[in-house]
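Here's a quick tour of charged pairs and surface patches. Have the structure open while you read.

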Amino acid sequence: MLPTGKSTRPPAGPADPSAATGPPRQGAVVERIAGWSIRHRLLAITGWFALVIVAVLSSALMPGDTMNSTDPGESGRADRVLSAQRSYVPIEENVLIQARTPAGERFADSAELRNATRDLVLTLRRTPGAVAEVRSPLGGDGSSADANRLVSRDGRSGLVTFQVAGPDDLLHAHYDAAVRAVDSVRARHPQVRLAQAGDHSLTLAVDQGIKGDFKSAEFVSLPLTVLILLVVFGSLIAMGIPLLLAVTTVVGTFGFLQVIAHWVPVNSATSSMVLLIGMAVGIDYSLFYLRREREERAAGRGIAEALRITARTSGRVVVVSGLTVMLCLCGLLFTGLDNFRGLTAGSVLVVGLAMVGSVTVLPALLALLGRWVDKARVPLLGRRRTTATESRVWSLVARAVVRRPLLWGGSATVVLAVLALPAFGMRLQDAATTDSLPRSVPVVDAALRMQEAFPGTPAPARVVIWAKNGGSVDGRTVNRAIDDLRGRVAAGDRALGEPISAVTVDRVVVVRVPLADFRNNGAANHALETLRDRILPATLGRVDGIDYAVAGKTAVAHDFAEQLEARTPLVFAFVLVLALVLLVVAFRSLAIPVISIALNLLSIGAAYGVLTWVFQEGHLGSLLGFRSYGGVVGWLPVFMFVILFGLSMDYHIFILSRIRERWAAGADTREAVVGGITGSAGVVTSAAVIMTAVFSVFITLTAIEYKMMGVGMAVAIVIDATIVRGVLLPAAIALLGRRCWTLPRGLRRLLPGSAPVH
């Protein structure tokens, strides 16, 4: 007996079960759109491909610069001031000079180190037009004032600094020339370590790492997806349909995204995430459609009738799911961060195109192919999980759960709660370059060695100073303030490091101030706050007529995290309230949305806990190939929440629609749950396997951020597709019984067409 204590069987439902999936008006709209596509199949298919071609061509027809992102907070203010200047902002690089032996000679006593330094300085100065402002620990040629500051406190290391000459369009060529110069000196002095790190080299290492990682992910994930689809369908033609929809959706999105990039910042990471999200939802929506179409044909219906019912049922599920995902993704806009604006635009666009394609070109393709969709079978690749056969395993699980829902549901809740416990100690901290990439990357090793000898030098803070009246800064007044900064370092202020330098850029002055640490840890943030709140007000703050702001890698990460932390509650509130409203409207129920949201939060919380346990606490580091830096990337939890909340709704809406359909057709709650779970098992399992496999590829990448994302997303999808789908959801529905499908009287007045109370 079910614990509700009352009969849960409603009056007999409609003869056509498809009519029971929701308000007829919603299903009829999708059915009419799909019906038009089926009747005009060639026009629908041609129109889809024409849309994709227009998207691709539109990007080529809009020349001009794309929008650049602006950093948040004070660092963003400094960035905007610099962007308003016409002059080139010099890029500074550093070369650390040390003996290769652990206890090498002091720099002042080593002829070999001094000879290598002299050779390096001469070689850099002979690089025609590529290098400027070379400063050396040997002094001479105008750099004698910096000689003492360019020798480390322990006396064993020297530092040569130089600027990569402009203008911007020649930066890469000049940087490459400087690197070749350093490499040539390194080859002539094999006993001396010459390690380069600086503004451009660190940025370049990150950019190359990201691009290389995402290329690897794309190279592995696409063939892996094809292989899984072959196993799922066992047919080349059936496999090709979801792949065709996903690929054309992604290609069309990329085309439109290039147009949008003229108004919204879009980076390479955004493009790669759009690819993965587009492949995921495109394949999911195709699986929903193909599953139902095959089921209806297996029940003896003709192709036209099967597609009509599929459009009204699975087509409506796709539309509701797509709208939910798109609107949830819009929650990222509440962060106010430029990087998330591009990601939101691309993700919403790719989901929207996948949704449109699923209710237009997909039924047209299925109508055109007819029963040929099952041809071209590939032997020895397993059975087709998208046929109408129900899963015996999930049937046994579902029946066991609905017989004892409190026991099974309570046990599963305890398991997920235990997994979520480490998340309460999560520390949000972005990974610096030296945390993100392994030390085997030369610039990472150079930056870490440089940090030991010259704290903060690899990526110093940049203090941008400008005149309040819009004119040029008085150099003499600012120089006195800069001398005060140097005096504080000489007096032993450990918040700052050496060397401090200044350069004039058009009408502003940029002062490079090394912090105690250039990374994004507590020491770096403390040094940054000391600079902003105590040191600069006591020096530059006393100069009349000027204003200033602090930027740099540490400052950008600090301001980004600060704004994200302040805005995250808005993102969570928007997504949760929106999901509640959408699901209430879709299912004409209050209990179902509350259950779905609660289960999503539980599964995401468990994924957060696993993420914290693995990466923050450093477990499985040798297996996954990372070194813990004691935190979790600051943007990942909110990103995971929005993406997973949206994607998991695919499964929940699909499963709940099947359960409600059976309940409304006359089955009691227990049988409706079992039938809905087993009937949707094939497509949900297949979609979950594909997404888990794709995100697991990220675990093999180099950057720790993407390892975190891979583990977090894969774990959440596995939990959602197994414990939540197979245990918690059926247990919750079995406990609530008929109350799942009703609305309070007040809401029934607002939502006509709601199911009556039985």
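Arg-301 and Glu-296 join their side chains in a salt bridge, with 2.5 Å from N to O. The model you're looking at is a predicted one. Glu-296 is buried, since its relative accessible area is 5%, while Arg-301 counts as partly exposed at 27% relative accessibility.

| Salt bridge | N to O |
|---|---|
| Arg-301 and Glu-296 | 2.5 Å |
| Arg-449 and Asp-445 | 2.9 Å |
| Arg-188 and Asp-119 | 3.0 Å |

What does the bridge between Arg-188 and Asp-119 tie together? Arg-188 sits in helix H5 (residues 171–188) and Asp-119 in helix H4 (residues 111–125), so the pair links parts that are 69 residues apart in sequence. Asp-119 counts as buried at 18% relative accessibility, and Arg-188 as partly exposed at 45%.

Now for the surface. Glu-529, Asp-533, Glu-562 and Glu-565 gather there in a patch of negative charge. Helix H17 (522–539) and helix H18 (553–587) each give the patch at least two residues. Asp-533, found in helix H17, is exposed, with 59% relative accessible area.

There's a nonpolar patch too: Val-414, Val-418, Leu-421 and Phe-424 make up about 450 Å² of surface. Phe-424 is in the loop between helix H13 (405–420) and helix H14 (433–436), and is exposed at a relative accessible area of 73%.

How values were computed:
Residues numbered from 1 in each chain as written. Predicted model: local features only at pLDDT ≥ 70, side-chain atom pairs only at ≥ 80, totals over all residues. Heavy atoms only, no water. Patch = residues over 30% accessible without salt bridge, like charges linked within 9 Å, V, L, I, M, F, W, Y side chains within 5 Å. Areas by Shrake-Rupley, 256 points an atom, 1.4 Å probe, with all protein chains shown as cover. Salt bridge = Lys/Arg side-chain N within 4 Å of Asp/Glu carboxyl O. Lys, Arg positive; Asp, Glu negative; His and termini not counted. Charge placed at Lys NZ, Arg CZ, Asp CG, Glu CD. Helix = DSSP H or I, 4+ residues; strand = E, 2+ residues; numbered from the N terminus. Buried < 20%, exposed > 50% of the residue type's maximum accessible area, 1.4 Å probe, protein only.
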